[in-house]
Amino acid sequence: MNLPPFLRVLLWPLSLFYAAATWLRASLYLRGWIKQKQLNATVISVGNLTVGGTGKTPMVIWLAERFLAEGRRIAVLTRGYRGSGKTSDEVELIKDRLQGRVLFGVGRDRYAEGKRLASQGVDVFLLDDGFQHLSLARDIDIVLVDSTRPLRNEFVFPAGRLREPRSALHRADLVVFTRTELSEVTACAIQKFPQSAIYPSTTKLLGLRKHGSCEDPSFLRQSYTDPVFAFCGIGNPEAFWGDLERWGMHVVGRKSFRDHHPYTEREVHKLGEAAHSAGAKALITTEKDAQNLDAKLLPTMPVYIAVIALELPDEAPFLRDVRLRLSGGAAA
């Protein structure tokens with residue numbers, strides 16, 4: 001959300017009101033004046049402070065894979081933003097990656113969805129985008145901060161991207177700075193929150209999958225040297241462009257759309273024309289965008305999906321910290 005300076009000034013009074021309202025709401029929950037609803041299982045919230053992408057979906061997948069490896073029964077609770085019929089692009093992405101090994105509760109009332117799934121023996125609920133969903137009690141709050149977009153440069157909505165004042169970060173149990181490989185200011189930013197357990201993370205390219213192909217979905221191409229035209233409809237397209245450069249892709253053109261954008265036949269045709277004019281031999285996009293791009297609409301030019309994973313260099317200490325907090329202890 002890059003608003004012109006004059007518009008930010010005009011919206012500033014509304015931002016002050018919005019910040020005060022969110023602070024008051026959080027305070028009422030923290031003091032117990034508004035009661036939270038409890039599920040009979042562990043609840044781990046994965047959220048952020050800003051509008052737009054910070055890497056929540058890769059974090060949910062990362063946590064689910066670790067808990068599944070321990071033999072836990074996992075359910076993901078999510079609003080299904082901009083989705084329909086109890087699904088969304090992010091829900092379908094997680095389903096594809098976890099291959100039906102987790103349950104899903106999709107809807108505005110995450111507590112009701114959790115209650116519905118509880119009878120199926122759920123051990124851990126992963127509350128997607130849950131930091132502001134205070135009506136549901138949680139055992140751990142994990143908050144993601146995009147290191148390529150320092151919080152000190154952000155304003156509270158509607159003048160900026162912050163969903164709450166920066167001080168709300170003090171509610172977090174664990175803070176994960178994402179995309180640290182693209183940022184040089186992370187270490188400095190981390191020092192500003194010494195009271196929280198802070199962990200850096202990076203984005204790893206697992207490989208490329210050809211969209212609409214009959215190949216085994218697990219088959220990933222490890223490199224592509226021909227020119228590509230990149231496009232995406234995600235919260236932070238600049239991060240995707242930076243990743244492509246870091247992965248050594250020869251990008252000759254790019255086009256961004258709004259987050260969660262469903263692609264039309266006309267738009268796909270125009271993307272193919274733009275790629276051809278730029279001299280590209282293929283199009284490349286994200287896993288989330290692939291969920292919004294019907295394979296029947298694909299151009300004659302191949303479309304590759306960049307399959308990624310979140311990596312935590314300090315994985316062992318992070319998991320130890322999670323387990324310690326779940327057991328009721330405090331991190332050292």
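Select R161 and E154: their side chains form a salt bridge, 2.7 Å from N to O. A salt bridge here is a side-chain nitrogen of Lys or Arg within 4 Å of a carboxyl oxygen of Asp or Glu. This is a predicted model, in which local features need pLDDT of at least 70 and side-chain atom pairs count only at pLDDT 80 or more, while totals for chains, interfaces and linings use all residues. Residues are numbered from 1 along each chain as its sequence is written, and side-chain values use heavy atoms, leaving out hydrogens and water.

Stay on this pair. R161 is buried, at 4% relative accessible area. E154 is buried too, at 11%. Buried means under 20% relative accessible area, exposed over 50%, and partly exposed in between (1.4 Å probe, protein chains only).

**Next: E65, R66 and E315**

Select these three residues. Salt bridges with shared partners join E65, R66 and E315 into one network. Zoom in on E65 and R66: their side chains meet in a salt bridge of 3.4 Å, N to O. E65 is partly exposed, with 28% relative accessible area. R66 is also partly exposed, at 23%.

**Then helix α4**

Colour residues 110–118, helix α4. Helices (H or I, at least four residues) and strands (E, at least two) are DSSP runs, numbered from the N terminus. Show R116 and E113. Their closest N and O atoms lie 2.7 Å apart, in a salt bridge. The two residues are three apart in α4, so about one helical turn separates them. Which of the pair is buried? E113 is, with a relative accessible area of 9%. R116 counts as partly exposed, at 45%.

How many salt bridges are there by this rule? The count comes to 20.

**Last stop: the five-stranded sheet**

Switch to cartoon. Five strands make an open sheet with mixed pairing, in the order β8-β12-β11-β9-β10. Two strands pair if DSSP finds at least two bridges between them. Look at the edges: β8 (202–210) and β10 (251–256) each have a single partner strand, so one side of each lacks a neighbour in the sheet. Neighbouring strands are turned by 25 degrees against each other on average, direction ignored. Axes are lines fitted to C-alpha atoms, for helices over the stretch in contact, and angles run from 0 to 180 degrees between N-to-C directions.

Now select β11 (residues 282–286) and β12 (residues 303–311). They pair in the parallel sense over four bridges. Pick T286: its bridge partner in β12 is A306.

Finish with helix α6 (residues 237–246), which packs on the sheet. Helix α6 touches β8, β9 (228–232), β10, β11 and β12, contact meaning heavy atoms within 4.5 Å. The direction of α6 makes about 150 degrees with that of β9.
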